[in-house]
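Please look through the structure shown below before reading on. The report that follows takes up salt bridges, a sheet and a cavity in turn.

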Amino acid sequence: MKQCKNCGAALPEDALFCPVCETELVDKLQLRAPRPKRRRAILAVLLALALLAGGLGFWSRSLRHEPQVYNAGKPLAEMQYTAQDGVNYRLYLSFAETEEAEPCERIHLSVPESGAGRAVSLLCAVPEDGTPAEGAAFAELIDHVDILTAELQGSDALEHGEAAYDAALPFAAAAVTLRYDRHCWLNELGWVLTMKNGDVIYLHQYVYIEDEKRVSNAGAPAVELQYTAEDGVRYRLFLSAAKTAEDAQPREKVFFTIPERGRGSFVSSLCAVPEGGTLADGAAFAEQIKYVDIRVGSLPEFEPPEFDGVPRDGSRPFAAASVAISYDERWRENELGWVLRMKNGDLIYLHQFVIVENGA
């Protein structure tokens with residue numbers, strides 16, 4: 001038992017004061033607050049730890065990669081890309097299943113006798129001062145690949161599998177197999193690469209499918225040809241720049257002068273005369289056309305007129321289709337091409353030469 005130092009009363013061992021004489025039994029030194037210097041030292045240590053933690057956080061944030069998006073507005077078939085480890089890669093798409101693969105923005109494929117074809121689109125990644133075979137390591141930097149197809153001019157969409165690294169094609173970072181038939185005549189094939197560091201890269205190619213058995217004048221377009229429609233009706237097709245049915249005749253070359261304002265325009269018309277009929281009867285030919293594509297030979301910056309499907313002009317009822325074309329002094333002599341995609345899958349090429357002269 002514990003005894004009170006003042007009155008000698010017996011007390012429990014844990015007693016803090018004597019209930020008899022009310023004497024405190026605890027040494028006051030034990031209850032002293034810490035010295036101010038020690039408190040300041042503790043606070044200094046805590047502050048230093050806080051600053052260190054903040055500095056480490058700032059340092060780690062400074063090393064964090066800010067994801068970038070490449071080519072979203074204008075996808076490319078080829079580009080330069082610097083990976084997070086600093087290696088500079090030449091990225092490009094190709095259809096050549098050999099190590100000599102080169103960038104290929106567009107490819108023309110033929111329909112085999114079986115009616116269904118196959119092609120492989122490849123993503124190649126060549127490190128700076130390296131070879132295509134070394135670029136296969138680029139696959140390790142990719143988180144996933146999305147393959148997109150946009151069917152153009154009313155065609156059907158390409159079928160495709162998943163894009164992945166293929167050990168049989170060691171020079172390619174990834175490959176995807178495409179399947180097509182004659183109805184997939186024009187598709188835009190898009191590769192969307194999402195990198196492990198968050199970067200997103202867009203690349204693309206155009207895929208043209210041509211059935212040689214059903215293509216007219218692909219090698220040597222003409223201003224006039226004979227065409228037998230699927231219903232057996234035979235048509236005389238030709239291009240004309242005439243304003244009336246009486247003047248509508250095939251013209252391989254049409255001449256125009258530049259007006260004072262520096263820019264002129266004309267209307268190119270597709271005429272279709274059924275055997276035993278007239279120009280007016282040929283207007284029904286437009287119902288058999290699925291899409292019309294207008295092209296200009298040597299003017300890559302030429303923007304074709306916008307229309308949906310088959311362009312018609314009410315002021316030229318004698319024509320199956322008509323397109324207004326603007327020209328200036330850059331034209332000089334150019335090839336104006338019509339590409340008709342028929343609903344039955346046929347493809348017809350027609351053309352004219354447009355010669356622009358300075359009237360002054």
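R90 is partly exposed, with a relative accessible area of 26%, where buried means under 20% relative accessible area, exposed means over 50%, and partly exposed lies in between, as found with a 1.4 Å probe on protein chains only. This is a predicted model, in which local features need pLDDT of at least 70 and side-chain atom pairs count only at pLDDT 80 or more, while totals for chains, interfaces and linings use all residues. Residues are numbered from 1 along each chain as its sequence is written, and side-chain values use heavy atoms, with hydrogens and water left out.

**Salt bridges**

Side chains of opposite charge can pair when their charged atoms come close. The term salt bridge is used here for a side-chain nitrogen of Lys or Arg within 4 Å of a carboxyl oxygen of Asp or Glu, and the structure holds seven of them.

| Salt bridge | N to O distance |
|---|---|
| R90 and E78 | 2.7 Å |
| E224 and R236 | 2.6 Å |
| R295 and D293 | 2.9 Å |

The partner of R90 in its salt bridge is E78. Because R90 lies in strand β5 (residues 88-94) and E78 in strand β4 (residues 78-82), the pair ties together parts that are twelve residues apart in sequence; strands here are DSSP runs of E with at least two residues, numbered from the N terminus.

E224 counts as partly exposed at 33% relative accessibility, and R236 counts as partly exposed at 26%.

In the salt bridge between the side chains of R295 and D293, the two partners fall into separate classes of accessibility: R295 is partly exposed at 34%, whereas D293 is buried at 14%. Salt bridges that share partners also join E78, R90 and E102 into one network.

**The sheet that holds β4 and β5**

An open sheet of five strands runs in the order β4-β5-β7-β10-β9, and its pairing is antiparallel, two strands being counted as paired if DSSP finds at least two bridges between them. The strands β4 and β9 (159-160) stand at the edges with a single partner strand each, so one side of each is left without a neighbour in the sheet.

How many bridges join β4 and β5? The two strands pair in the antiparallel sense over five bridges. Within this pairing, Y81 has Y89 of β5 as its bridge partner, and E78 stands opposite Y92 in β5. The hairpin of β4 and β5 has five residues between the strands, and there G86 takes a positive phi near 90°.

In a regular strand the side chains alternate between the two faces of the sheet.

D129 belongs to the loop between β7 (117-127) and β8 (142-151), and at 81% relative accessibility D129 counts as exposed.

**The cavity**

Rolling a probe the size of a water molecule over the atoms shows where empty space is left. A cavity is, on a 1 Å grid over the protein atoms alone, a set of points where a 1.4 Å probe fits but cannot get out, and its lining residues have an atom within 4 Å of a point. A search of the whole structure finds one cavity of 30 Å³ or more, and the volume of the largest cavity is about 70 Å³.

The residues that line the largest cavity include H108, W185, Y208, R295 and Y349. At least two lining residues come from each of β12 (200-210), β20 (333-342) and β21 (347-357), and β12 gives the most, with three. The lining divides into seven nonpolar, two polar and three charged residues, where Ala, Val, Leu, Ile, Met, Phe, Trp, Tyr, Cys and Pro count as nonpolar, Asp, Glu, Lys and Arg as charged, and the others, Gly among them, as polar.

Notes: 1 Å grid on protein atoms, 1.4 Å probe; cavity = no way out; pocket = protein on both sides within 12 Å on 5 of 7 lines; lining within 4 Å. Points joined across faces, edges and corners; volume = space filled by probe spheres on them. Helix = DSSP H or I, 4+ residues; strand = E, 2+ residues; numbered from the N terminus.
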